[in-house]
Amino acid sequence: MLDLIHAFNLLLSVAVTAAFAYQGAFMLVGFLNRRRAEQYDAPPARELRRYAALIAARNEEAVIAELIESLRAQDYPADKLDIFVVADNCTDATAAVARQAGAQVFERFDTARVGKGYALDFLFCRLREAGLEQDYAGYFVFDADNLVDRRFLSEMNNAYMAGARVAQGYRDSKN
């Protein structure tokens, strides 16, 4: 009976190891191809386009100012980036904190349609109503607890000017 249990444990160990071994293989391939991936960086753009940063926030007063500050600290001309926040069903001071940090803020109160998608749709409608929609080459969507590297806008502009229509930066949240 003991031999049967040992055989079962061995079989189970091999199956679990095989099931997760692919992750190690992907990690190894990623490290080996890192230099090759860097050669696909977009060349520096000759033109600096105008962009809008969109932040849908719900009760994020503790973190939103840091994101806005990191967007304001870009190595990109300040007049080429507008920062918009939709304070979505907030019960805290998110809107006030975002305004104080320098963002243009819209407040939304709709408890029937809740979530980031509805909040972003609301924000795009406000931009369209203000006639701003055509002013931007593109939009960057952030969570309120994100931080942005100083070169984010420059690199995204480089990618856009090189022909990219959709791009995603490295995404990590601090919450």
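This is a predicted model: local features need pLDDT of at least 70, side-chain atom pairs count only at pLDDT 80 or more; totals for chains, interfaces and linings use all residues.
**Cavity**
- One cavity of 30 Å³ or more turns up in a search of the whole structure (on a 1 Å grid over the protein atoms alone, a set of points where a 1.4 Å probe fits but cannot get out; volume is the space filled by probe spheres set on the points, which are joined across faces, edges and corners).
- The residues lining the largest cavity include Arg72, Tyr76 and Leu153 (lining means an atom within 4 Å of a point).

- The largest pocket has a volume of about 670 Å³ (a pocket is an open set with protein on both sides within 12 Å along at least five of seven lines).
- Its lining has 28 residues, and those closest to the centre are Phe152, Met156, Ala167, Gln168 and Gly169.
- Strand S4 (138-143) gives the most to this lining, with six residues (strands are DSSP runs of E, at least two residues, numbered from the N terminus).

**Backbone**
- Asn89, a residue other than glycine, has a positive phi near 55 degrees.
- Asn89 counts as buried, at 7% relative accessibility (buried is under 20% relative accessible area, with a 1.4 Å probe and protein chains only).

Notes: Residues are numbered from 1 along each chain as its sequence is written. Side-chain values use heavy atoms; hydrogens and water are left out. Helices (H or I, at least four residues) and strands (E, at least two) are DSSP runs, numbered from the N terminus. Buried means under 20% relative accessible area, exposed over 50%, partly exposed in between (1.4 Å probe, protein chains only).
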